[in-house]
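Good morning, colleagues. Please keep the sequence and the model in view as I speak.

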Amino acid sequence: PGWHIECSVMASDVLGDTLDIHGGGIDLCFPHHDNELAQAEAYYGHQQWVNYFLHSGHLYIGNQKMSKSLKNFFTIRELLKGGSTMKLSD
């Protein structure tokens, strides 16, 4: 649970005790965002720490989720330089 506290503390330090929009990957809905909510709402005594969540899907390379740990990713710079074999558009 340490990383949940770390994230909510950093976000609140910069944005205050209530966030309008909080985002992340769809895989962070549970348990990460639920734990952040529980901890921040208990700490601040709020009913609602975040007004809206914006969760995004994942990019897939072949049949695998794009991930730094799998080393199957491209940087924006690489894509703009044409340094990947990935097709950007038709």
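This is a predicted model: local features need pLDDT of at least 70, side-chain atom pairs count only at pLDDT 80 or more; totals for chains, interfaces and linings use all residues.

Let me begin with H55, which is partly exposed because its relative accessibility is 26%; here buried means under 20% relative accessible area, exposed over 50%, and partly exposed in between, with a 1.4 Å probe and protein chains only. Residues are numbered from 1 along each chain as its sequence is written, and side-chain values use heavy atoms, with hydrogens and water left out.

H55 lies in strand β2, residues 50-56; strands (E, at least two residues) and helices (H or I, at least four) are DSSP runs, numbered from the N terminus. Which residues does H55 contact, leaving aside its neighbours within four places in sequence? They are G24, G25, I26, C29 and H33, where contact means heavy atoms within 4.5 Å. With G24, 31 residues away along the chain, the C-alpha separation is 5.1 Å. With H33, the side chain of H55 forms a polar contact of 2.7 Å. That term denotes a pair of N or O atoms within 3.5 Å; within protein, one must be able to donate a hydrogen and the other to accept it, and residues adjacent in sequence count only if both atoms are side-chain atoms.

H33 leads us to helix α2, where it is buried along with H32, E36, L37 and A40. These residues cover an arc of only 125° around the axis, which puts them on the same side of α2; the arc is that of the directions from the helix axis to the C-beta atoms. Their cover includes α1, β1 and β2. The face turned away from the buried side carries the exposed residues F30 and A42. Just after α2, G45 has a positive phi of about 70°.

Helix α1, residues 2-15, can be described in the same terms. Its buried residues are H4, S8, A11 and S12. G16 follows α1 with a positive phi, near 100°.

What makes up the largest nonpolar core? It consists of six residues: A11, L19, L37, A40, W49 and V50. Such a core is a set of buried Ala, Val, Leu, Ile, Met, Phe, Trp, Tyr and Cys residues joined through side-chain atoms within 4.5 Å. Not counting residues up to four places away in sequence, L19 touches A11, W49, V50 and N51. In soluble globular proteins, nonpolar side chains tend to be buried together.

Finally, a contrast in surroundings. K71, in the loop between β4 (64-65) and α3 (76-81), is exposed, with a relative accessible area of 70%. Its C-alpha atom is separated by 40 Å from that of Q47, 24 residues apart along the chain.

Notes:
The expected span of a helix is 1.5 Å times one less than its number of residues.
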